[in-house]
Amino acid sequence: VPDADAPLADDALSAEGRAVLTELEAVLADTRTAVERAATPEELREASSHALGKRSAFATLQRRLGGLDPEERRQVGARINGARQAVQELADRHRETVEVADARRRAETERLDLTEAVGLARGGRSGRQAGLRGHLHLVTQTRHELEDTFVAMGFTVAEGPEAETDWFNFEALNMPPDHPARGMWDTLYLDLGDPGTVLLRTHTSPVQVRLMESTAPPIFAVMPGRCYRRDTPDARHLPVFHQIEGLVVDRGITFGDLAGTIEAFTTAYFGPGMSSRLRPSFFPFTEPSAEFDVTCPICGGTGIRQGGGGACRTCSGSGWLELGGCGMVDPKVFAACGVDPEEYSGFAFGFGIDRLAQVRSQLADMRILIDNDVRFLSQF
Amino acid sequence: VLAPLSWLRDFAPFDQPVEVLADMLSNLGLVVDGITHVGGGLDGVEVVEILDIRPHPNADKIRLVDVDRGDGEKLQIACGAWNMGVGDLVPLATIGTVLPGGMEIARRKMRGEWSNGMLCAAEEVGLPNASGEDGLLILPPGLAPPGTPLTDALGIVPDVVFDLDISPNRPDCLSIAGIARDLAAALELPWSLPAGPPAPPVDAAVPAARVDVDSPDLCPRFTGTVIEGVAVGPSPAWMAQRLTLAGMRPISNVVDVSNYVMLELGQPNHAYDLDRLGGGGLVARRARPAERLTTLDGVERVLEGDDCVIGDATGNPVGVGGIMGGASAEIGPATTTVLLEAATFTAMAIARTGKRLNLHSEARARFERGVDPHLPAVAVDRFTALLAATQDTAPRPGPTTDIVSENDLPASPTILCRTAKVNALLGTDLPDAEVASLLGRLGFDVSAVGEGVASVRVPSWRPDIDREVDLVEEVARLHGYERIARTVPEGHRPASGLTTYQRFRRRVREALAGAGLLEAWTTTFLDPADLGRAGLPAVAVEVANPLDRRESILRTSLLPGLLGALRFNADRQAADVELFEVGRTFARPSGDRMLPDEREELAAVLSGEGRDATTAAWLWALLVDALRLEGLTVHADEVVGLHPTRAARILGADGEVLGAFGEVAPEVAAAFGLRGRVAVLHLDLERLAAQPTRSELAAPISRFPASDIDLAFVVADGVSAASVEATVREAAGDLLESVALFDVYRGERLGAGRRSLAYRLRFRAPDRTLTDGEVGDRRAAVINAVELAHGGELRG
């Protein structure tokens, strides 16, 4: 392929060839200017088609190639094509500039003084028609009800970051690196710090640690918030979910206090006649540990499906709904947080807010919580 | 863990009703996930042999199978399973059978071909599906002659199987013996190893096993026993049934006995064909660099120096210690001499190797949690005794070679237990003797060392217990959580309630819901491409191990999620959609901080008929009023992702940026597939909460009438209404009660680039009626000031 920009020796060309090349330079300069002058996408389209189309000056020059001998035709033709291509590239580059400017110009015609709109709205004049009241998300409503229940029982509400260090999420909670219990939670890690040191909290328990590190007992707090697990979403699990956790630390706190507090919460939240039970379980951060169940709020503890008969689908006929985990704060957790386990004792409990909402509103599939379908959101 | 009741009864006389036992197990923390009654409803189910399998002429998903019921006749069955072959023994539900699930079997035509019964899957005959495969229950070859009732062939006697969820701290309960021990302790029943047939005596003529340990830190105890006179064949029906009920598939007597011992005692063990074992011996050692071994699951594993390898005497690896064996020296039909391995491996080492190789097995599950180091010898005796019971001729075990490194074995601690501490933590009033009795029943060796203090030796099968508080849990568990009186904490509590910020956040939500918006909840994760689509900088915290590339970064803004939600609704023909969200956003940390810069933000998007940037302005005005904010300003500005001439920034009282509102940029809306204008507002909620609010002091309400004047100024479009209003307020003085923009007019008469802003000014004095002169003076001052400051001329 001959280099289009390589100088052609004048003496190698015929007079006609030289004439074509001279004219080519003029045409190139003219079309360049025409393209660059285009200020709108329409002008640019016109300029491009004028400069490069079938009736363009380039095309006219091309037609004159027929009068040249083959070798000369090839060389001069390559020059014409090169020039043409340069104009095409220029037009492409210029198009972006022109389009940005055009969008800008259109935006200019739409300019609004928004302080004017704020002023009108303050004066009671807005273009928007007043409709019905909106709705808080089902999960927010559930969280607020839970917070209010615990506040009425004398608790504060504490919060903490969703992105946490390994220390707060695992190590301070009696799960050193390589601890097999870590396998109970599939963790999402972040690309911060050393690999595996910064993560999305798998439970709200890191807030316990932060609270104990910053606050002297007595502590009576609940900690609601968003948590994360590396779970494939299904009807009962979302990788992003909400938990509420409680922590009580004081002198003389007992397992009986834990059971009594859970019972008081159950009655206050679910209503009279509803009760709770504790059964042994295992968590690295509590000892003794328990699962706690509450009377199934759907069948009222009968285990019988209402209306149709047969076993209640929510509790599989047991009459009990597995709600969450709890236990006495493990002395190793106290030690990590600088609390003396010989002086103080305490308990913690936690459960899923979304799961509770799912049970109470009988959601067949939890994924509806994050679809944000207005037909769902406006029901609650 | 699947625990058949009949097997549990080998250890203690559990005669209570099944429901009582199930409740008791759950109350011990051995949670019963399910109870299966087996062996009922199998009248009419027979063992049959498959003679032929051929396609169904009229169906693709079912085939025609000829079976033999032992009468030499071919019986045709239509069957939808695909896992069987000619010659297999399978269960047939004959005509008239009512299966455990209630299904009644009749002769019927399936797509024009007769089916004379139903071939059954494990679940259909009430048995656990040991293989985990879909399809028929394939019975062990030679189990019984065709025509034998299935109950006779499998030795099925009615039984109950508990499906237990064992928590990871209880490796001892990954065995029938351990479960029975807890249950017996709770019911105060005596517990003992099954009587059964005695182990055959050690035969001095059989050589001692050649086993050795090179890495006692990984394998602190290793026993080897040579057993001669082994006759490989099918297991007796009772053993096959137990294994099946416990979820394992019977294979041959030697393999079955090995599994039986593991399930029963919790001691994993491995039987090698001694004649096929290189050098006739075993060594437990560290893996050599890049040593390779193909495990029984057919996968080639590359080992590392801290992995424990079982090698043969010629240096070849034959298994990953404590996790899985290799295919060499596997027991086969011709095996006559077995080398039995029963060992103790270090839990942390097993966990590490298992995790790295991603290799799961029954052995790993037990060893990585901790197996009683006293068990190998017990397991060897049980193995030989059970093997003898499966053979016509007695096997001949040689002496066991037992290599122990006491220092590397987990020690059984002795713990001081204070009765006062037990009662203080539980809120109980148990006497010393009761605490001692509860622990004693669980196998703890308790001796009093003083008033209220006992020395407690932990049994070797409880690696989870090494502190006083662990004993407290054992006491509570056996005493019964339900018997502990429920109390509420006494003592002083700090002030409760929501924080100022939490109350503020609730008011924000209530205000927006009150204005008609719906609260959304979008995920924290974004697709990296969402940032570009939303016009946001391409910098975000990344998830190192995302489930999905489209959810691999943490959101830096709530907008992509909300715009996605608008699109979701638009796709479902919901046109007028107004959403808001309160949630955290994440920016990469600055400086040497480890954690992301996490902020709680508020964002709202409003789409549909009549919504544009002025809707967002209305929403902002509404929030300012609802939250009683004061001193905030709004300035036209360009904001990323927002329409360049229809956006304004919200500035705090000290000038910091709190957020912005306006319209979503057209190209952003287009990128999210949205049509029309989208109003948008976003705010840093925590910064907003820190802004000054209107005074809480009540302003006096004047009894005197007000004087209203309306003034319309014609100003250039470049002059903001906010600045005109500020000038008006300044010039009107302290008798101005309120000022409201009530009309904006643009028209040809005013000329291009100009509009009229009409304000209503209301003047009032607290103590008198204003005179026309007073109002007139102020009117003149305002007109003058607006003209001076903005060139605004009064519109006539």
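**Where the two chains meet**

Author: Across the interface of chain A and chain B, 56 residue pairs are in polar contact, both residues at pLDDT 80 or more. A polar contact is a pair of N or O atoms within 3.5 Å; within protein, one must be able to donate a hydrogen and the other to accept it, and residues adjacent in sequence count only if both atoms are side-chain atoms. On the side of chain A that touches chain B, helix H5 (residues 114-122) of chain A gives the largest share, nine residues. By class, this side has 45 nonpolar, 27 polar and 35 charged residues. Here Ala, Val, Leu, Ile, Met, Phe, Trp, Tyr, Cys and Pro count as nonpolar, Asp, Glu, Lys and Arg as charged, and the others, Gly among them, as polar. Helices (H or I, at least four residues) and strands (E, at least two) are DSSP runs, numbered from the N terminus.

Some ground rules come next. This is a predicted model: local features need pLDDT of at least 70, side-chain atom pairs count only at pLDDT 80 or more, and totals for chains, interfaces and linings use all residues. Residues are numbered from 1 along each chain as its sequence is written, chains are lettered from A and ligands numbered from 1 in the order in which they are written, and side-chain values use heavy atoms, with hydrogens and water left out.

Now the extent of the interface. In chain A, 107 residues are in contact with 117 residues of chain B. Contact means heavy atoms within 4.5 Å. The two chains bury about 9300 Å² between them, and 58% of that is on carbon and sulfur atoms. In chain A, the residues that lose the most area to chain B are A:Leu114, A:Arg128 and A:Pro280, together 8% of what that side buries. Buried area is the accessible area (1.4 Å probe) that two parts lose on being put together, summed over both.

Charge pairs come next. The rule finds 16 salt bridges across this interface. A salt bridge is a side-chain nitrogen of Lys or Arg within 4 Å of a carboxyl oxygen of Asp or Glu. Which residue pairs with A:Glu116? Its partner is B:Arg755, with the closest N and O atoms 2.9 Å apart. A:Glu116 lies in helix H5 of chain A and B:Arg755 in strand E37 (residues 754-763) of chain B, so the pair joins two chains. A:Glu116 is buried at 9% relative accessible area. B:Arg755 is buried at 0%. Buried means under 20% relative accessible area, exposed over 50%, and partly exposed in between (1.4 Å probe, protein chains only).

A second pair also crosses over. B:Arg584 and A:Glu159 meet through their side chains in a salt bridge, 3.8 Å from N to O.

B:Arg505 and B:Glu600 form a salt bridge, their closest N and O atoms 2.7 Å apart. B:Arg505 is in helix H13 (residues 500-514) and B:Glu600 in strand E30 (residues 597-607), so the pair ties together parts 95 residues apart in sequence. Salt bridges with shared partners join A:Arg143, A:Glu147, A:Asp148, A:Glu159, B:Arg505, B:Arg506, B:Arg584, B:Glu598 and B:Glu600 into one network.

One more residue touches both chains. A:Glu164 sits in strand E2 (residues 163-165) of chain A. A:Glu164 is buried, at 1% relative accessibility. Its side chain makes a polar contact with the side chain of A:Arg210, at 2.6 Å. Among the residues that A:Glu164 touches are A:Thr197, A:Pro206 and B:Leu595.

Definitions and conventions:
Lists of a residue's contacts leave out its neighbours within four places in sequence.
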